[in-house]
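The following paragraphs lead the reader through one structure, moving from a single side chain to the sheet and then to the charged pairs. Please keep the sequence and the model in view while reading.

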Amino acid sequence: MTTDNTQKFSGIAREYTQSRPGYAQALLDCLFENYGFSASSVVADVGSGTGKFAKQLLEKGCFVFGVEPNADMRGIAENELCRFDNFKSVDGTAEHTTLPDGSVDFVTVAQAFHWFDGVRFKEECLRILKPDGVVCLIWNTRKEDADINCQLYKIYEKYCPDFKGFHGGIKTHDERIRSFFDDNYEYLTFENPLYSDRDKFIKRSLSSSFSLKKGDRDFDSYIAELNALFDRFEVDGIAQVANQTVLYVGKIQK
């Protein structure tokens, strides 16, 4: 049976938007200074979720199609981004965005490519991009060698059967990324440390697709260990989580 990845965040969209961070401002600066983004750019932000990255593009003046198949996530984005005249919410998938042929200058994907069918998504990008259009695959990634992240990893491994690793188990220069770009892309990193109070720290874990949910076996023990980890690392009620924003950027070929 094929897994429907579009429904993995149903029921946890509120936790997602409350706890997930934005992306490094230096990333936005880089896209605009070095890769042709401008206030006149038309962008398809695919798998746009609750609109975290779309919001940053909108604030820079881009026209953004927020393509998101999950109704819960899309609804929050629509509520939070309705003040932007340059935003259009689209009920579509990575493999079938519903956008017209040759309609966008850029395709961006923030924290979502690992859920896509890479071959079909590439075909869709080729269809909707204008000539010489660029694709940006973006993640916020925890620095796995940092002690707090090592401990989080152990908690997730212990309690969450669906945990495959941070950001869906995709690795740096993952074969799925290399195949998508035919090994022709640039890779950049930008520091983006996260600062969380207790509530945000716990909700960040609960916003993960693999997380246990209230009512699941061992949920209380899971939450207790997350609270204990926060207690170990907090300073004046705030825990710092080592994190960076990473970018894979390039043009794709048929």
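In this predicted model, R204 is a buried residue without a salt bridge. The nearest side chain of opposite charge belongs to E144, at a distance of 11 Å, whereas a salt bridge requires the nitrogen and oxygen to be within 4 Å. R204 is placed in helix α8, which covers residues 198-206. Its side chain does have a polar contact, of 3.3 Å, with the side chain of S208.

The sheet may be considered next. Seven strands form an open sheet in the order β3-β2-β1-β4-β5-β9-β6, and their pairing is mixed. On average, neighbouring strands are turned by 20 degrees against each other, direction ignored.

Two of the pairings can be followed in detail. Strand β2 (residues 63-67) runs parallel to strand β3 (residues 87-90), and four bridges join them. Within this pairing, V67 is found opposite V90 of β3. Between β2 and β3 the chain passes through helix α4 (residues 71-81), giving a β-α-β crossover that is right-handed. Strands β1 (residues 42-46) and β4 (residues 104-110) are likewise parallel, joined by three bridges, and D45 stands opposite T108 in β4.

R74 is buried, at 14% relative accessible area, while E78 is partly exposed, at 34%. Together with D91, R74 and E78 are linked in a network of salt bridges.

Helix α5 (residues 118-128) holds another such pair: E124 and R127 are three residues apart, about one turn of the helix. Their salt bridge has an N to O distance of 2.8 Å. E124 counts as buried because its relative accessible area is 6%, below the limit of 20%, whereas R127, with 28%, is partly exposed.

A further salt bridge, of 3.8 Å from N to O, joins K251 and D132. K251 lies in the segment after β9 (243-250) and D132 in strand β5 (residues 129-142), so this pair ties together parts that are 119 residues apart in sequence. K251 is partly exposed, with a relative accessible area of 39%, and D132 is exposed, with 62%.

How values were computed: Residues are numbered from 1 along each chain as its sequence is written. This is a predicted model: local features need pLDDT of at least 70, side-chain atom pairs count only at pLDDT 80 or more; totals for chains, interfaces and linings use all residues. Side-chain values use heavy atoms; hydrogens and water are left out. Helices (H or I, at least four residues) and strands (E, at least two) are DSSP runs, numbered from the N terminus. Buried means under 20% relative accessible area, exposed over 50%, partly exposed in between (1.4 Å probe, protein chains only). Lys and Arg count as positive and Asp and Glu as negative; His and the chain ends are not counted. A polar contact is a pair of N or O atoms within 3.5 Å; within protein, one must be able to donate a hydrogen and the other to accept it, and residues adjacent in sequence count only if both atoms are side-chain atoms. Two strands pair if DSSP finds at least two bridges between them. A crossover is right-handed if, with the strands pointing away from the viewer, the path from the first strand over the helix to the second runs clockwise. Axes are lines fitted to C-alpha atoms, for helices over the stretch in contact, and angles run from 0 to 180 degrees between N-to-C directions.
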